[in-house]
Amino acid sequence: MRQLIRLFSYSIVVLILQSWFCGSSTHANSEKNQSAVLSDSSSEESPTSMWPEGVAVDPSITTPREFFGFDIGERHLSHSQVASYVRLLAQESPRISIEQYAATHGGRPLLLLTITSEGNRQRLDEIQQMHRRLTKANADRVDLGELPAVINMGYGVHGDEASATNCAPLVAFYLAAAKGAEVDAWLERCVILLDPSLNPDGFNRFANWVNRYRGRVANPDSQDAEHNQMWPAGRVNYYWFDLNRDWLPLVHPESRGRMVWYHKWKPNVVLDFHEMGTNSTFFFQPGIPQRTNPLTPARNQQLTRDFGAFHAKALDQRGSLYFTQERFDDFYMGKGSTYPDLHGSVGILFEQASSRGVVQNNQDGLLRFHETVANQFTASLSSLRATTAMRDKLNNYKKTFYLNALKQAKSQPVKAYVFESQGNRSRLLEFATLLKRHDIQSYFLPADLTYGDQEFSADFSLVVPTAQPEFRFLQSLLMRRTNFKENVFYDVSSWTLPLAYGLSQRGVKQDLDWDSLVPFKTQKTTSPESLEMSEDHLGYLVDFKDDVGPWILNKLLLANVKVRVAKKPFTVKNGKGDLSDFSYGTLAIISKNQKSRHAAIDRLLKEAVKRGAMVTPVTTGLSVKGPDLGSANFEVLQPPKVALLVGKGTSFYSAGSVWHLLDTQIGMPVTLLKSPDFSSARLEEYSTLVLAGGSLANEHWPKIESFAKNGGTVMVLGSLAVSVQAKLGAGVPLPPKPSVTPVIQKRFDSATTEKALKLISGAIFKTTIDPSHPLLFGFQDQSLAVFRNHAKFLEPSENPYCNPVIYDADSPLMAGYCSAENIERFKGAASVVVSPMGNGRFILMADDPNFRGFWKATSRVFLNGIFFGGLVDP
């Protein structure tokens, strides 16, 4: 009886997928095919029009319909349904093993299915080791004859692009149950790494929304709630980040977990399944040829075109329209389809027109959800055909890629880069950790190093040799290009990692004694320093240069410890009787008059020292130079209480980066005030209100203005800062834009490109800073690299003490694309402006200080605004 039920279930799957893959001819043959399957249970090899010709299925494997109770594409799956089903497949099929490689912020599992033949499974470790050896200098010794190619199939990094992850169970079922020579060849010649959901939290958020608003009668009206999801969209993860941009910064557990197995395997092929606008068709790479990253080998693009021939044939057979070499590019190397291109792999982006809900009107009539899944399924199978057919080419390419990278590295005059952190060892360790996650090795100096006229401190320097397999990707991370063949970009035009981390960089053109250097390892690093409290100590001074400073300040304030901050430099005798110099922003904890807080002070300062903070005991409040510890120049700090405006109109990327920073890195509770509820919010309970980009409803403005007048700090980020400044009516007008000669006629098809040339899609600019300003406490250098992705400009304040960060007047562009007209507009403009209002103030930050969670240099400016906002009025 169970066998008959399974056969009936298979027949339903056949009927549904016939309508997907065979167009109108499906319906004419469906009854005959169903009859053939049902009447001949012994013929497992009977071909069906559902699958490629000649493929039968293993009846012992549970079908999607049997498990879910409905057909894929009939409604949106939840993440728990997808996870449970693929786990069952791993139990039922000897072809599949499964592992959980990480958990999301929301606690959902990230799963990886390894699918291959029984013979390959018995030597899986050997295959992995051979692929790793292809990246080494002795790669020529690897026998490529029978080495399977490794293909990574990644579905749904954007959670609301639902056809991707809804397709994954179907692909997994096919690979678990399908029989035939073609499937056997795939399994024998490939190791398939299938990730069914790259963004479980966003995927589940979207599925809940769509299923909640779907009626019994599907509504194709684009205005229906089913097609218009809530804020934040399912596109983003738990903290509202775009995970498809996180392949480079690796801020989140989804990306960090993936990198562990990615670099163990270093796949030959990486597939990245997405959706786009409802009125489009289907896209597969290559993208726009002129916008390929210059470090990507030409051979990579040729292999991508070879793959395209397989996709085109499969989609032609299905009758699906598609396009290539338009709209999408391969420039930013931190996406799922581009990161592989600098790691000896071929990354391929797929974009399917989205139905969002179950069915939606589009320019061709009706776009149905199951049709979008079918196209993703078709591209999945065509990719397996291509990888199998091109196995030898792909393995040879991978070997050649890494051998050439090592040759290029050895031919470079620069043998190593030295990065310095200006007294911020925590930042240096975080930088080294990120490099290690990208399989790039770095080293610490055993002693101070003199090179030319420069002295590198062993405590605050990191050495990265160029002669290593990931040389190309390292070059990408350091790239400071400002001139490009093509000046239009799908994403950012620069992402220079040392600038994001606020590190100085110097190339060393001589070989170092590598054996004497100390390799960086990713295990948790603790400082060898220790701290012992004593009754003789008046208190303790915490150097605020290190990134552990904001963390320990927040912990102390939450523990009701009184903390003072130095507004001027000073010199004191430390507990050992030696002179110690301290700068702006030094934290002073006077423990002798806080005896009830001794236990908390002891515990927290010891933890801070373990994390790398420099804590100095003092026995007297009398300074040798500068203000004494009891001076008014040591301001008592109050615990900040932060509210973040969220909801429609707010940029969930910028708001999410604020929430993530304060919540996960500082440990500070943040009140998320929803825009519809803002009118009834009790703002007097907060010290700081953050407006994180996007737009601002006019009805909110009087309440925000009143909050500032009553002593609150309003921090406004990104282009919204310019709009708010206009409301405030503050600032010195910038020079007018250059006049443009009238043009009678331009080519119509160039309009979009010309508009894009005036944008600042993502570039890095040099600013001059005032380290004495409370927003810059802890900074040592006089300049700061900021990231910008819009072309609106803040006017500087008439008060010269209210412009703590201004753009460099001579050469503001450091990396990325910016038009000559916009470069001129930067000269004389302000990056950060303080606008006092009543008893409070607005802190306007034109550049997103927390961009994608990894612009560490400017995130400290934002945190200073949280802690020291009450001190910024001149």
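Helices (DSSP runs of H or I, at least four residues) and strands (DSSP runs of E, at least two residues) are numbered from the N terminus. With those labels in hand, you can find your way around.

Before you click, know that this is a predicted model: local features need pLDDT of at least 70, side-chain atom pairs count only at pLDDT 80 or more, and totals for chains, interfaces and linings use all residues. Residues are numbered from 1 along each chain as its sequence is written, and side-chain values use heavy atoms, with hydrogens and water left out.

**Stop 1: strand E6**

Select residues 190-195, which form strand E6. Is this strand buried or exposed? Buried means under 20% relative accessible area, exposed means over 50%, and partly exposed lies in between (1.4 Å probe, protein chains only). Here 6 of the 6 residues are buried, so E6 is largely enclosed by the rest of the structure. Show the side chains: Cys190, Ile192 and Leu194 point one way, while Val191, Leu193 and Asp195 point the other way, and all are buried. Cys190 counts as buried because its relative accessibility is 0%.

Strands of a sheet pair through backbone hydrogen bonds, either parallel or antiparallel. Two strands count as paired if DSSP finds at least two bridges between them. Select residues 109-115 for strand E3, which runs antiparallel to E6 and is joined to it by 3 bridges. Leu113 has Leu194 of E6 as its bridge partner. Then select residues 149-155 for strand E4, which pairs with E6 in the parallel sense over 6 bridges. On this side, Asn152 has Leu193 of E6 as its bridge partner.

**Stop 2**

Select residues 162-177 (helix H7) and 369-389 (helix H12). Two packed helices are described by the angle between their axes and the distance between the axes. An axis is a line fitted to C-alpha atoms, for helices over the stretch in contact, and angles run from 0 to 180 degrees between N-to-C directions. H7 and H12 pack at about 50°, with their axes 8 Å apart.

Now show the residues where they meet; contact means heavy atoms within 4.5 Å. Among those in H7 are Ala164, Cys167, Leu170 and Tyr174, and among those in H12 are Phe369, Val373, Phe377 and Leu381. Cys167 has 0% relative accessibility, so it counts as buried.

How many disulfides are there? A disulfide is a pair of cysteine sulfur atoms within 2.5 Å, and by this rule the count comes to 0.

**Stop 3**

Pro232 sits in the loop between helix H9 (200-213) and helix H10 (253-265). Trp240 is also in the loop between H9 and H10. Trp240 is not a glycine, yet has a positive phi of about 70°. With 7% relative accessibility, Trp240 counts as buried.

Move on to Lys266, in the loop between H10 and strand E7 (269-276). Lys266 has a positive phi of about 45°, again without being a glycine. Where does its side of the story end, buried or exposed? At 1% relative accessibility, Lys266 counts as buried.

**Stop 4: Pro286 and Gln301**

Pro286 lies in the loop between strand E8 (282-284) and helix H11 (298-318). The peptide bond from Gln285 to Pro286 is cis, with omega near 20°. Select Gln301 in helix H11; this residue is buried, with a relative accessible area of 9%. Which residues does Gln301 contact, leaving aside neighbours within four places in sequence? They are Pro286, Thr292, Thr296 and Asp330.

**Stop 5: an open sheet**

Finish with the open sheet of 5 strands, in the order E17-E12-E16-E13-E18, with antiparallel pairing. Strands E17 (504-508) and E18 (518-519) stand at the edges with a single partner strand each, so one side of each is left without a neighbour in the sheet. Strand E13 (residues 443-444) pairs with E18 over 2 bridges, and Phe444 has Val518 as its bridge partner in E18.

Helix H14 (residues 425-437) lies across E12 (416-420), E13 and E16 (461-465), at about 20° to E16. Helix H15 (residues 471-478) packs on the sheet and touches E12, E16 and E17, its direction making about 40° with that of E12.
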